[in-house]
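Hi,

Here is the structure I promised to pass on. Have a look at it first, and my notes on what turned up follow below.

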Amino acid sequence: MKLYTKTGDRGKTSLIGGRADKDHLRVEAYGTLDEANSFIGLAQSYLKAEEALFHDILSELTAIQHELFDCGSDLAHVNVQEEGKLKAESITMLEERIDAYVEEAPQLTKFILPGGTEAASFLHAARTVIRRAERKIVALAKEEDIPPLALPYVNRLSDYLFAAARIVNHRLGEVDVEYERSADVFRTKKKS
């Protein structure tokens with residue numbers, strides 16, 4: 001198998017059902033998902049050193065990596081499919097895990113600085129790349145049809161990555177650093 005085809009040497013790339021410029025919003029959107037996927041892989045490489053402590057997050061991140069490929073594949077269709085590879089259950093799983101991690105983590109009222117441990121830092125980096133992907137998908141949606149689950153999935157994924165980064169720091173005893181000039185921006189939930 002050859003890794004190069006030379007078909008993109010003039011700035012065009014293949015989509016499912018056509019071709020487009022490599023800087024087309026559709027290509028930008030799924031390419032940005034691929035970038036985030038790489039940061040998730042970096043986070044996993046650090047989490048594997050503490051596999052017993054992070055078996056849940058490692059498993060979830062592997063599923064997410066597959067879902068990012070699914071979402072990218074759905075975005076690569078010129079003629080958007082009503083039923084894509086990405087499923088609504090993926091969004092539900094993210095919501096369930098976010099809720100669980102919010103319960104596990106120390107209460108948060110202010111913005112925090114991205115960082116802490118290496119794995120958490122890469123999860124924060126992935127989160128910001130996912131936010132960029134979301135902006136690209138929103139821009140694409142103004143011009144063309146998009147897969148129906150793409151926006152809800154990436155929106156929820158950025159929240160998941162934030163929650164997961166906080167849990168990684170928490171489990172390793174790393175305290176998140178609050179943004180000094182932050183007002184209280186998160187509602188506190190009373191624990192019963």
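This is a predicted model: local features need pLDDT of at least 70, side-chain atom pairs count only at pLDDT 80 or more; totals for chains, interfaces and linings use all residues.

**What I found**

Ser-73 has a relative accessible area of 15%, so it counts as buried, the cut-off being under 20%. Leaving aside residues up to four places away in sequence, Ser-73 touches Ile-16 and Lys-85.

Leu-15 sits in strand β1, which covers residues 12-15. With 11% relative accessibility, Leu-15 counts as buried. Its contacts, again without residues up to four places away in sequence, are Ala-20, Arg-26, Val-27, Tyr-30, Ala-76 and Val-78. If you pick Val-27 from that set, the C-alpha atoms of Leu-15 and Val-27 are separated by 8.3 Å, and the two residues are twelve residues apart along the chain.

Thr-117 is in the loop between α3 and α4. Is Thr-117 buried or exposed? Thr-117 counts as buried, at 11% relative accessibility. Beyond residues up to four places away in sequence, Thr-117 touches Val-168, Asn-169, Leu-172 and Glu-174.

The buried residues in α4 are Ala-119, Ala-120, Leu-123, His-124, Ala-126, Arg-127, Val-129, Ile-130, Ala-133, Glu-134, Ile-137 and Leu-140. And what covers them? The cover includes α1 (25-47), α2 (51-75) and α5.

On to α5 itself: this helix has 22 residues and reaches 31 Å from its first C-alpha to its last, close to the 32 Å expected at 1.5 Å a residue. Just after α5, Gly-173 takes a positive phi of about 75°.

How do α4 and α5 pack? The angle is about 165°, with the axes 8 Å apart. The two helices are therefore roughly antiparallel to each other, as angles over 145 degrees count that way. The crossing of α4 and α5 is left-handed. By class, their contact has 16 nonpolar, four polar and four charged residues.

The other pairing to look at is helix α3 (residues 88-104) with helix α5 (residues 150-171), which pack at an angle of about 30° with their axes 9 Å apart. That makes α3 roughly parallel to α5, the limit here being under 35 degrees. The crossing of α3 and α5 is left-handed.

For your selection, here is who makes that contact:

- From α3: Ser-90, Ile-91, Leu-94, Glu-95, Arg-97, Ile-98, Tyr-101 and Glu-104.
- From α5: Pro-152, Tyr-153, Arg-156, Leu-157, Asp-159, Tyr-160, Ala-163, Ala-164, Ile-167, His-170 and Arg-171.

Sorted by class, the residues of the contact of α3 with α5 divide into eleven nonpolar, two polar and six charged.

Cheers

Terms used. Residues are numbered from 1 along each chain as its sequence is written. Side-chain values use heavy atoms; hydrogens and water are left out. Axes are lines fitted to C-alpha atoms, for helices over the stretch in contact, and angles run from 0 to 180 degrees between N-to-C directions. Helices (H or I, at least four residues) and strands (E, at least two) are DSSP runs, numbered from the N terminus. Angles under 35 degrees count as roughly parallel, over 145 as roughly antiparallel, 65 to 115 as roughly perpendicular and the rest as oblique. A crossing is left-handed if the near helix is turned anticlockwise from the far one by less than a right angle, and right-handed if clockwise. Contact means heavy atoms within 4.5 Å. Ala, Val, Leu, Ile, Met, Phe, Trp, Tyr, Cys and Pro count as nonpolar, Asp, Glu, Lys and Arg as charged, and the others, Gly among them, as polar. Buried means under 20% relative accessible area, exposed over 50%, partly exposed in between (1.4 Å probe, protein chains only). The expected span of a helix is 1.5 Å times one less than its number of residues.
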